[in-house]
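Please keep the model in view while going through the numbered points.

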Amino acid sequence: MTKGVRTGLIWAGVVLSYIGNLFNSDARILFAVVGMALVLWGCYIWCKLKNRNIAWGLFGLLAPIGLIVLCKLRDKTPLPQVKIDKSVL
């Protein structure tokens, strides 16, 4: 999964949640549940990209404050090791 997928899922979830507020029926609940599921899925991908525990993805439920917390998390992905060929030097 890529950062574009993560961002798309989060935006789609937020938009669906707000569109659900336009309805006065059971569709409102459906839009809210599907929207929050998309946000949580996007946050799950975000945590995996940052090499963090997936429990951090629950901060997505606190949108937009929770998304700011996820944004500020330090990336724990190890940097690639560069091997220097000493025979060239």
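This is a predicted model: local features need pLDDT of at least 70, side-chain atom pairs count only at pLDDT 80 or more; totals for chains, interfaces and linings use all residues.

1. Residues are numbered from 1 along each chain as its sequence is written, and side-chain values use heavy atoms, with hydrogens and water left out. The average pLDDT of the chain is 86, and 97% of the residues score at least 70.

2. The largest nonpolar core comprises 9 residues: I10, V14, V39, C43, W46, C47, L67, L70 and L73. Each of α1 (3-20), α2 and α3 supplies at least two residues of this core, and α2 gives the most, with 4 residues. A nonpolar core is a set of buried Ala, Val, Leu, Ile, Met, Phe, Trp, Tyr and Cys residues joined through side-chain atoms within 4.5 Å. Buried means under 20% relative accessible area, exposed means over 50%, and partly exposed lies in between (1.4 Å probe, protein chains only). As background, nonpolar side chains in soluble globular proteins tend to be buried together.

3. Apart from neighbours within four places in sequence, W46 is in contact (heavy atoms within 4.5 Å) with R6, I10, L67, L70 and C71.

4. G13 belongs to helix α1. This glycine counts as buried because its relative accessible area is 0%. Beyond neighbours within four places in sequence, G13 contacts G35, L38 and V39. The C-alpha atoms of G13 and G57, which are 44 residues apart along the chain, are separated by 14 Å.

5. M36, in helix α2, is classed as partly exposed because its relative accessibility is 26%. When residues up to four places away in sequence are not counted, M36 touches S17 and L61. M36 and L70 lie 34 residues apart in sequence, and their C-alpha atoms are 16 Å apart in space.

6. A nonpolar patch on the surface is formed by W11, V15, I19, L22 and F23, which together have about 520 Å² of accessible area. Patches take residues with over 30% relative accessible area and no salt bridge; nonpolar side chains (Val, Leu, Ile, Met, Phe, Trp, Tyr) are joined within 5 Å. I19 is located in helix α1 and counts as partly exposed because its relative accessible area is 34%.

7. T2 is placed in the segment before α1. T2 is partly exposed because its relative accessibility is 48%. Its contacts, not counting residues up to four places away in sequence, include I45 and L49.

8. N51 is found in the loop between α2 and α3, and its phi is near 60°, a positive value in a residue other than glycine. Most residues other than glycine have a negative phi. N51 is partly exposed because its relative accessibility is 45%.

Definitions and conventions
pLDDT is the predictor's confidence in each residue, from 0 to 100. Patches are made of residues with over 30% relative accessible area and no salt bridge: like charges are joined within 9 Å, nonpolar side chains (Val, Leu, Ile, Met, Phe, Trp, Tyr) within 5 Å. Accessible areas come from the Shrake-Rupley method with a 1.4 Å probe; for residues, only the protein chains shown count as cover. A salt bridge is a side-chain nitrogen of Lys or Arg within 4 Å of a carboxyl oxygen of Asp or Glu.
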